[in-house]
Amino acid sequence: MEQTVARMEAFIREGVPKYISVINANKLWLMEKDPRVGQVVRGASLFVPEKAIVMGLHAVGLGTAHHVGGIMLLKAFLPRAEERGYRLYFLGAKPGVVEEMIFVLRQSYPKLQIVGSRHGYLLPDDGAATKEIMQLRPDVLFVAMGTPRQEFWIAEHVRHLGVPVCMGVGGSFDVLAGIKKDTPNWIRALAMEWFYRLVQDPKNLWRRYLTTIPWFLRKVIHARTEKLFHGLRYGRD
Ligand code: UDP
């Protein structure tokens, strides 16, 4: 986490527009299903893996990644942003939610430089958000419009916005505003965040998890089996 925050700060110093992609099983599934998602996610300058991905990587012998989720990174960045005076812009969630979140954040971080915010229900030809962001010149732009909407939005606008760090953070504003409950860390550590979210919002999430979790497990098992066979064959050669 500390390295990731340091990398964000390096991006701010460089001042060249970049974006960070949080990777979870759902996003990997979407990347396979829709090549446009694959393209925009692969265009990121930094990938941060959620717990299931870290466990999957360990299972196939690539155990170097650490768990850094979207909301975890956002929360870890806030005290640094306050300390260093980074300029933040928050785009996303329903009207009223982002304002509520900012109210909550100001209780903990009174000196946080929030230069602007806007809800995430933009009309297709609505240029007001991009115009405002370009004028306000934030250092970091957090976009919470859900996956893959936020990824498409970021990829389309990142260059001309000129913001050094853009990052899609899914439903984080709802959590920070207190509308949805944050996943306890011990549940995250068990890679059960999906279950916690499912219980809170079964109507919208059951289909997602029923599809992506078995798909992801199959992928990991397949990769592990391939590796095993490769090892055996390599051993024989
Ligand atoms: N949202 C938005 N604009 C839209 C659709 C959704 O800002 O056009 C917001 C929505 O209000 C919620 C977030 O995007 O705050 C989606 O949260 P979710 O937990 O579904 O994110 P995901 O898990 O898909 O990344």
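**Exercise 1. The ligand site**

Which of the 15 residues around the ligand come nearest? Describe the shell and its polar contacts.

*Solution.* The model is predicted: local features need pLDDT of at least 70, side-chain atom pairs count only at pLDDT 80 or more, and totals for chains, interfaces and linings use all residues. Residues are numbered from 1 along each chain as its sequence is written, and side-chain values use heavy atoms, with hydrogens and water left out.

Step 1. Find the neighbours. Gly120, Tyr121, Asp174, Arg197 and Arg208 come nearest among the 15 residues around the ligand. A residue counts as near if one of its heavy atoms lies within 4 Å of the molecule.

Step 2. Sort the shell. It divides into four nonpolar, six polar and five charged residues. Here Ala, Val, Leu, Ile, Met, Phe, Trp, Tyr, Cys and Pro count as nonpolar, Asp, Glu, Lys and Arg as charged, and the others, Gly among them, as polar.

Step 3. Look for polar contacts (pairs of N or O atoms within 3.5 Å). The side chain of Arg197 has an N or O atom 2.5 Å from a ligand oxygen atom. For the side chain of Arg208, that distance is 2.9 Å. Ala144 takes part through its backbone: an N or O atom there lies 3.3 Å from an oxygen atom of the ligand.

Step 4. Check the cover. Taken alone, the ligand exposes 560 Å², and the protein buries 83% of that. Accessible areas come from the Shrake-Rupley method with a 1.4 Å probe; for residues, only the protein chains shown count as cover.

**Exercise 2. Salt bridges across the chain**

Which residues are linked in a network of salt bridges?

*Solution.* Step 1. Apply the cut-off. A salt bridge is a side-chain nitrogen of Lys or Arg within 4 Å of a carboxyl oxygen of Asp or Glu. Side chains of opposite charge can pair when their charged atoms come close. The whole structure holds 13 salt bridges.

Step 1. Take Glu2 and Arg80. Their side chains meet at 3.0 Å, N to O. Glu2 is in helix H1 (residues 2-14) and Arg80 in helix H5 (residues 70-84), 78 residues apart. Helices (H or I, at least four residues) and strands (E, at least two) are DSSP runs, numbered from the N terminus.

Step 2. Take Glu9 and Arg84. This salt bridge spans 2.6 Å, N to O. Glu9 lies in H1 and Arg84 in H5, so the pair ties together parts 75 residues apart in sequence.

Step 3. Compare burial. Buried means under 20% relative accessible area, exposed over 50%, partly exposed in between (1.4 Å probe, protein chains only). Glu9 is buried at 4%; Arg84 is partly exposed at 46%.

Step 4. Name the network. Glu2, Glu9, Arg80, Glu83 and Arg84 are its members.

**Exercise 3. Backbone in the loops**

Which residues does a cis peptide bond join?

*Solution.* Step 1. Thr147 and Pro148 are joined by the cis bond, with omega about 5 degrees. Pro148 sits in the loop between strand S5 (140-144) and helix H8 (149-161).

Step 1. Arg137, not a glycine, has a positive phi near 50 degrees. Its loop runs between helix H7 (128-136) and S5. Arg137 is exposed, at 59% relative accessible area.

Step 2. Ala191 also has a positive phi, near 60 degrees. Ala191 is found in the loop between H10 and H11. Ala191 is buried, at 17%.

Technical notes. Polar contact = N/O pair within 3.5 Å; in protein donor to acceptor, adjacent residues only side chain to side chain.
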